[in-house]
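User: Could you walk me through this one? I am new to it and would like to start with a single chain before turning to its neighbours.

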Amino acid sequence: MSHHIVEFKNVFFRYPDGTEALKGVNFRITHGESVGVVGANGAGKSTLLQHMNGYLMPTSGTVTIGDLTLTGKTKREFRKKVGIVFQNPDDQLFMPTVFDDVAFGPLNLGMDEASVRERVRKALGMVNSLDLQDKPPHHLSSGQKSAVAIASVMAMEPDILAMDEPAANLDPRSRRSLISLLKTFKHSKIIASHDLDLILDVCERCIVIGGGAVVADGPSAEILSNKAFLEENNLELPLSFQGRS
Amino acid sequence: MTFDTLYFDIGRLDRLSYKDTFVHHLDPRAKVIATMLFLFTVISFPKYEIVALAPFFLFPVLLLTVGEIPVRFIIRKMIVVSPFAVFIGIFNPILDTRTAAVIFGVSLSAGWLSFLSILLKFALTISAALLLIATTSFPGVCHALRRLGFPALFVSQLLFLYRYLFVLMEEAMRIVRAREMRSFGSRGTGMKVFVRLIGILFLRTMDRAERIYYAMLSRGFHGDIPSLKRSRIAFRDLAFMAITIAFLAVFRFLPITEGIGRVAQELFR
Amino acid sequence: MHMADALLSPAVGTTLWAGTVAVGGYASKKLKERIDDRMIPLMGVLGAFIFAAQMINITIPGTGSSGHLGGGMILAIILGPQAAFLVMASVLTVQALFFADGGLLALGCNIWNLGFYPCFLVYPLIYKPLIGDSQNSRRIVAVSLVSAIAALQLGAFSVVMETLLSGKSELPFGAFVLLMQPIHLAIGVVEGFVTAGVINYVQSARPELLESIAASRSLGAEISLRKVMITFVVLAVITGGALSWFASTHPDGLEWSIEKVTGKGKLPEQEHGIAAVLKGIQKKTAFLPDYSFKPEGNDPKKAEAAPARPGIEVGTSVSGIVGAVIVLGMIVLIGVGIRSFRGRDA
């Protein structure tokens, strides 16, 4: 399934104000892989994610999915293939009701009414939120909002799911639900997070970003148990690896 | 009125609008049209009309009881916004002292009549407006507006406003509270602080707008907000409107209330 | 301050609604052609911002009397006239529904008073010309003050006119004006300072922000002075026409003099012509406000004045009051009945 291979080749990105956020990022993610993107604040995680669906374009280097290279013209295609779930579900649920939000993507894809309703039903079912259909987003709890945000992205049936701090605003129970849910997804998953325990649970592979470049890329269990390395990059051991001292 | 009270009031009214009663299930278009006709009829009464306004209270009372809206809540909200009308209206009895009628030996001045008329019209119009939103969700009203011909652009951004109303109010509360905790007593209040708070809120709002736009793009947005056709007019909506229009017409043009009074007087003679 | 339904007459309300809808339609059309996709969420969220800002305004002491930071000026500066008008209309709509601030018929007046003047008059004719390209913070304060005061004076004066023309209040023009204008001068000063304060704050904290929004709405969306003038002339003609039509359906003076001349106790019914038709409509619906009320028979000194308006006699009599009490009692019973019926179900 080569058309789902995500590849960053020597990607550099500089913000308009001069900040160099990405300095030569290289990695390759194959179909079905679950990859965690880890790094200190400001290391470039979000910037990296924003390249995946064309919100940002590399200053130099290429971003490809399968045969498709990211350019101004191919942005729309990228957005069909990559679904991004943001940190703050309030930013992502902008329609008057849950149904409207989940239907937004499929409607933009030009699908007919029956297919849209089917997609919405499936997506909400996936996150166990069918009963929330007619509610306005501001009547939902954080956990519910996160679930619906994921549904709104899944309704577009993307090949690749990217998530930015998915558990940041969740209480422990919702977080646990989220982890179980993610484990059931067969898509390629790219999850940027500070929550190293979540990464350990969900992603078998882990990329560490430091100073705008990839400083480590390998099995999560290995990388996330390397205390010295983590601390070098302003990170810590996952809580589950830390003893109580 | 504190921020909190306003916030909770809006929240409460908003929650009430999603209830599950007969009135709530009526098509929003029917309710909007009925309400506007009601309002128009009420204010079309002459300056000194009092008696003929009485039957019109049936409309808000029915909406309120069938819609299960708490009475005290509505009355409280009505009182809160009454000052302007009352303040302007109170000049009527002061300035217009011509005798208009003599009832049971008491002579009423025209000014008091027109003032009372204003108060009654106020009660009717304000309660009708509140009950409209209490029985129709805001998105429902918006969809009604669009189906009734308002520009799609206007309605789309109106829906966005509603969606982020509570989000921004909460954000504002957080900013205000943070300031409150750092200012002890009178220092830290007033214009400069207010401007600073608004400025911060503004910047956060702009950033949020950017993130929302990004989220929209990520789900394929390319200019038009899509929507599925939803509600269809049912028989009960037409019946509701027909009955309302009939009621308005009858009670506007026929002196029924006075007639009832006369009959009652005859009976007791 | 907002216009209230209770003080409004159908004629004034309809006219202002027509004006508001016309301007709103125009603004929507113009905007649709030229804006960036990002404007719609931006407009909505800024509307929510204005709303939240108004609420902070109310709760912070020392920022102004009635606590209503309009927002029209600041929106016009940031978004341009058309978008700002639509956002103001939205904010006022939310207020009218959730707070019952003023009323739904008066909403047309309020959108006009608080939206049209700042966005389509003051901003293009005062703010923009005076500010030019300057980013000088003091200049921004000065121009904002002048603009906000002007906009609010216009709005306040409009409330006076709308109330007066509706004819439900006895307040004479002079007193009303003396009441409204000074208060709104103070509110205008506050709004001016706040507007300038926010603009200056944003300029210093994130200068590129205002520029990037300005880029999103292309230059073509600006108002030309000529168009404003033409609109004004048109409005004046319409208003003048409406007023003279209104005057012609109030032949009170005519009736009085006819009565005097013909010596008849009752005025000869003008059965023909449009005046009779209009008079008939007026009698039936009081579509236009009735200014002159002179009760027949109650005041012998004024017997020579125009005949009584039927509206006063009918209803405000003992039987009328009795009837009203009965009707209201019935309504209360119905209400209580439905209440307890529902309660039993629950």
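**Chain B and its partners**

Analyst: This is a predicted model, and in it chain B has a radius of gyration of 24 Å, whereas a compact globule of 269 residues would have one near 18 Å.

User: What box do the C-alpha atoms of chain B fill?

Analyst: Taken along the principal axes, the C-alpha atoms of chain B fill a box of roughly 75 × 55 × 30 Å.

User: How many helices and strands are there in chain B?

Analyst: Chain B has 13 helices and 2 strands, and 48% of its 269 residues are buried. Among the contacts in chain B with a separation of 6 or more, 74% are between residues 24 or more positions apart.

User: Changing topic, how many residues of chain B are in contact with chain C?

Analyst: On the chain B side there are 106 residues, and they are in contact with 99 residues of chain C. Helix α11 of chain B, residues 191-218, gives the largest share of that side, with 16 residues. By residue type, the side of chain B that touches chain C divides into 75 nonpolar, 21 polar and 10 charged residues.

User: And which residue counts describe the contact between chain B and chain A?

Analyst: There, 21 residues of chain B are in contact with 23 residues of chain A. The elements of chain B that give two or more residues to this side are α10 (152-182) and α11, and the largest share, 8 residues, comes from α11(B).

User: How does that side divide into nonpolar, polar and charged?

Analyst: The side of chain B that touches chain A divides into 14 nonpolar, 3 polar and 4 charged residues.

Key
Residues numbered from 1 in each chain as written. Chains lettered and ligands numbered in written order. Predicted model: local features only at pLDDT ≥ 70, side-chain atom pairs only at ≥ 80, totals over all residues. Contact = placed C-beta atoms within 7 Å. Helix = DSSP H or I, 4+ residues; strand = E, 2+ residues; numbered from the N terminus. Nonpolar A, V, L, I, M, F, W, Y, C, P; charged D, E, K, R; others polar. Rg over C-alpha atoms; globule rule 2.2 N^0.38 Å. Buried ≥ 20, exposed ≤ 12 C-beta atoms within 10 Å, placed from the backbone.
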